[in-house]
Amino acid sequence: MASKKANFKKQLVAYSFLAPNFIGFAIFTLVPIVFAVVLAFLRWDGANPIEWAGFSNFTELFDDDQFKAALKNTIVYTAGTVPFTLLASLFLAVILNQGIKARNFFRTVSFFPYIASLVAVAAVWNMIFNPSKGPVNMLLYALGFENVPGWAADKDWAMVTIILFSVWKYMGYYMIIYLAGLQGINPELYEAANLDGTNAWQRFRYVTVPQLSATTFFILVMLTIQCFKVYDIVYMVTQAGPGTATLVLVYDIYNKAFVSWNLGSASAVAMVLFALVLAVTLIQFKAEQRMR
């Protein structure tokens with residue numbers, strides 16, 4: 001009997017430590033998620049009585065030009081940002097894993113855009129890529145180009161600007177993860193490859209890349225999810241413009257919820273985004289399992 005009381009006290013102490021975190025999760029995460037799912041089937045503007053909408057919030061999305069543009073732009077943004085960020089971060093990691101001078105300085109400089117204030121970084125970026133007075137276009141003019149890009153002010157170049165900005169901002173963070181993966185590779189593998197007479201490219205292709213497969217898969221999943229839920233970068237650089245050129249799904253959710261106050265439609269878009277991210281993640285896991 002005494003042992004049961006002692007075990008009960010131990011369990012009570014353990015649950016008392018877990019309770020604050022669980023309560024916080026339930027109030028600030030679980031309940032809003034459940035409410036958002038339910039709200040996707042309702043009509044509510046936050047003030048008037050709630051009405052049942054059924055699946056009409058979802059069917060109306062097919063006739064919503066804003067949603068279709070946001071869906072397309074989100075896919076384009078993700079398809080453009082993910083591969084270039086992977087390549088840039090891997091390239092930086094391989095270079096900065098060598099015994100070069102001022103290696104720690106260059107690692108810090110590469111990581112700085114990720115931790116710097118987005119407001120400050122976006123302001124500097126917009127100045128650099130200013131269509132009329134930015135140093136990038138001034139350089140292009142000096143090189144003889146006449147029809148220089150309008151960057152964020154041009155609907156044909158706005159998405160390219162967002163992608164370039166995202167690659168520049170994200171690559172330092174994922175470089176750190178790749179550096180950790182590189183330093184975990186057994187040096188004996190490179191010694192064996194040297195004995196076989198391989199060159200630098202062959203060692204990279206047949207030793208480094210396979211040994212980093214788990215790291216690459218982790219980065220691929222995390223970066224894809226990060227790209228699908230992008231909002232802050234679009235808001236700071238283009239405000240989803242010009243027109244709907246850089247409107248993405250999370251920005252569309254914000255507009256529907258807090259500009260139009262169509263909370264049901266906003267929740268429906270959020271459910272579509274969740275399903276899209278879940279489907280892409282499951283495909284990535286299946287592909288990774290087949291490649292083993």
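Here is the tour, with a few ground rules before the stops.

This is a predicted model, where local features need pLDDT of at least 70, side-chain atom pairs count only at pLDDT 80 or more, and totals for chains, interfaces and linings use all residues. Residues are numbered from 1 along each chain as its sequence is written, and side-chain values use heavy atoms, leaving out hydrogens and water.

**Stop 1: the core.** Select Tyr77, Phe165 and Ile233, which have the most contacts inside the largest nonpolar core, a set of 60 residues. (Such a core joins buried Ala, Val, Leu, Ile, Met, Phe, Trp, Tyr and Cys residues through side-chain atoms within 4.5 Å; buried means under 20% relative accessible area, exposed over 50%, partly exposed in between, with a 1.4 Å probe and protein chains only.) Now colour α7 (158-183), one of the helices supplying at least two core residues; α7 gives the largest share, 13. (Helices are DSSP runs of H or I, at least four residues, numbered from the N terminus.)

**Stop 2: Tyr77.** Which residues does Tyr77 touch, leaving aside neighbours within four places in sequence? Its contacts (heavy atoms within 4.5 Å) include Met159, Ile162, Tyr170 and Ile233.

**Stop 3: helix α4.** Pick residues 103-115, and you have the 13 residues of α4. Arg107, Ser110 and Pro113 are its buried ones, and their cover includes α3, α5 and α7.

**Stop 4: Val38.** Finish in helix α1 (residues 2-39), where Val38 sits. Val38 counts as partly exposed because its relative accessibility is 43%.

Methods
Expected span 1.5 Å × (residues − 1).
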